[in-house]
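Keep the sequence and the 3D view open while reading.

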Amino acid sequence: IIALEMAKIFNVPVVLTEHTTVHLRQSSAVWRTTLRGIYDQVARLVAVSPTLAEKITSVGVKRFVEVIPNVVRTDVFSPSPNARSNSVFRFFVLANLVPVKAIDRLILAAELLERQGVDFVVAMGGKGSEETKLKSLVQQLRLEHRIVFVGRVDRADAVRWMNWCDAFVLPSLSETFGVVLGEAMACGKPVIATRCGGPEGFVIQQTGVLVTPGNIEELAEAMKEMMIRSSEYEPETIRDYVVANLGVEAFVGKINSIYGEMLG
């Protein structure tokens, strides 16, 4: 709203890239009207995923919404040589420990695999309001030998953990994109994600598996299948896909074309 008022003063166009606002308070008629007013006034409207673009049109916006995925720093997130495990299969998840990330479903999926006699370990990075509850659930299910909480992870540690794992998993109930999935893929790792809004826009058959959000049995089966078929995923292919579609050059090229057109 402030940008639009400034644009009138300086007579310049406004390009809006939407990341998440349309997800908030959608049930409010006032909020939908406000969003429509903003979206209709900007010169160009961009969303970070096809699903988010659909969300924008769902509040009554009739105009075209361009899709430009979030950028993944492929110069920072890259494979380390000889990083893959030859022993127990290693999963890694990096997320805020909050309800929408559905880490409890991942723990319950791990419990299903434990009962089936599957050998694996899950490292969980991140902090959040659910941490105490999640740790209690792990203890209650006696999964301390399968699941370890590694706490807050900075960017450098994230790169190391991505390369430590054999596969990355993110069981979110909702994501407008899911940059962390792209970062894992940039390290050459296959991923398990959910069809929750963002991941289905860039997680393809060659790079990972998509499951139904909140479905514990499906998640457990995907993890088991990943362990069996992990050798079929080519780290170079996974990384090349990210570089070509989500890397800095790809992002800059797409965003430059929009701003270039606006500047005439």
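The notes below are grouped by topic.

This is a predicted model, in which local features need pLDDT of at least 70, side-chain atom pairs count only at pLDDT 80 or more, and totals for chains, interfaces and linings use all residues. Residues are numbered from 1 along each chain as its sequence is written, and side-chain values use heavy atoms, with hydrogens and water left out.

**Backbone angles**
- Most residues other than glycine have a negative phi.
- Asn 11, not a glycine, has a positive phi of about 55°.
- Asn 11 lies in the loop between helix H1 (2-10) and strand E1 (15-18); helices (H or I, at least four residues) and strands (E, at least two) are DSSP runs, numbered from the N terminus.
- Asn 11 is exposed at 69% relative accessibility, where exposed means over 50% relative accessible area, buried under 20% and partly exposed in between (1.4 Å probe, protein chains only).
- Ala 102 also has a positive phi, near 55°, and sits in the loop between strand E4 (89-94) and helix H4 (103-115).
- Ala 102 is buried, with a relative accessible area of 0%.

**Sheet**
- An open sheet is formed by 3 strands in the order E1-E2-E3, with parallel pairing; two strands pair if DSSP finds at least two bridges between them.
- E1 and strand E3 (66-67) are at the edges with a single partner strand each, so one side of each has no neighbour in the sheet.
- E1 and strand E2 (residues 44-47) are joined by 4 bridges, and Leu 16 has Leu 45 in E2 as its bridge partner.
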